[in-house]
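Hi everyone, thanks for coming.

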Amino acid sequence: DKFNTSIFSLISSGLILIWILSPLIMVIFMPFIGREACLFSMYLILLTIGFLGIFLSLFYFSKKINDYGWKNILKKYLPVFLFIILLFWCVVTTFTSVDVNTSVFGTTYRKEGLLTYFSYFSIFCLALLLKKDSYK
C-alpha cells in the first residue's frame, strides 16, 4: 500500500471488539441499571461505533481513491459502493416517508431506522478495513 493501513486495521478491530462485547457487558450491568437502560445503552454504543466507523471509513477510502483512482477502488470495493447505493435509496425513502421520525430513529422497541442502517454500513466497512486475513 502507498500509505500505512495498520492503524486503520487496529482501530477497526478495536471498534468491532467493543461492538461484539457490548451485549456481554450489558448483561452484567442489567441487574443494576435495568433492562430498558441496557437496551438503550446498546443502541447508543451501536450508533457511536457506527458514526466513528463512518468517519474512519471515509478517511480511509478517500486516501485510497486519491492514491489509486476511482476505477481501481471501484473494482476492489464494489460491495461498498453497492451498499452506498442502497443507503442512498434508504435516505430517499426516509425523507419521503409519512412518518419521518420513525424512519430516521425507528420505533422505541426495534430502533431500526436510518441511523441504525448507517451504523450497520459502518460496521461492514470496519470489517473491510481489517488488514490481516486472520482477523477476518
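Leaving aside its neighbours within four places in sequence, which residues is Val100 in contact with, contact meaning heavy atoms within 4.5 Å? They are Thr94 and Phe95.

Before I go on, a word on the source: this is a predicted model, where local features need pLDDT of at least 70, side-chain atom pairs count only at pLDDT 80 or more, and totals for chains, interfaces and linings use all residues. Residues are numbered from 1 along each chain as its sequence is written, and side-chain values use heavy atoms, with hydrogens and water left out.

The pLDDT is the predictor's confidence in each residue, from 0 to 100, and the chain averages 84.

Back to Val100: you'll find that residue in helix α5 (helices are DSSP runs of H or I, at least four residues, numbered from the N terminus). Val100 is partly exposed at 29% relative accessible area; buried would be under 20%, exposed over 50%, with a 1.4 Å probe and protein chains only.

Now the aromatics. Rings of Phe, Tyr and Trp (its six-membered ring) pair if their centres lie within 6.5 Å; planes under 30 degrees apart are stacked, over 60 edge-to-face, the rest tilted. We get 8 aromatic pairs. Take Phe83 and Phe124: their ring centres are 5.3 Å apart and the planes sit at 40°, so that pair is tilted. It links distant parts of the chain, with Phe83 in helix α4 and Phe124 in helix α6, 41 residues apart.

Key:
Helices (H or I, at least four residues) and strands (E, at least two) are DSSP runs, numbered from the N terminus. Contact means heavy atoms within 4.5 Å.
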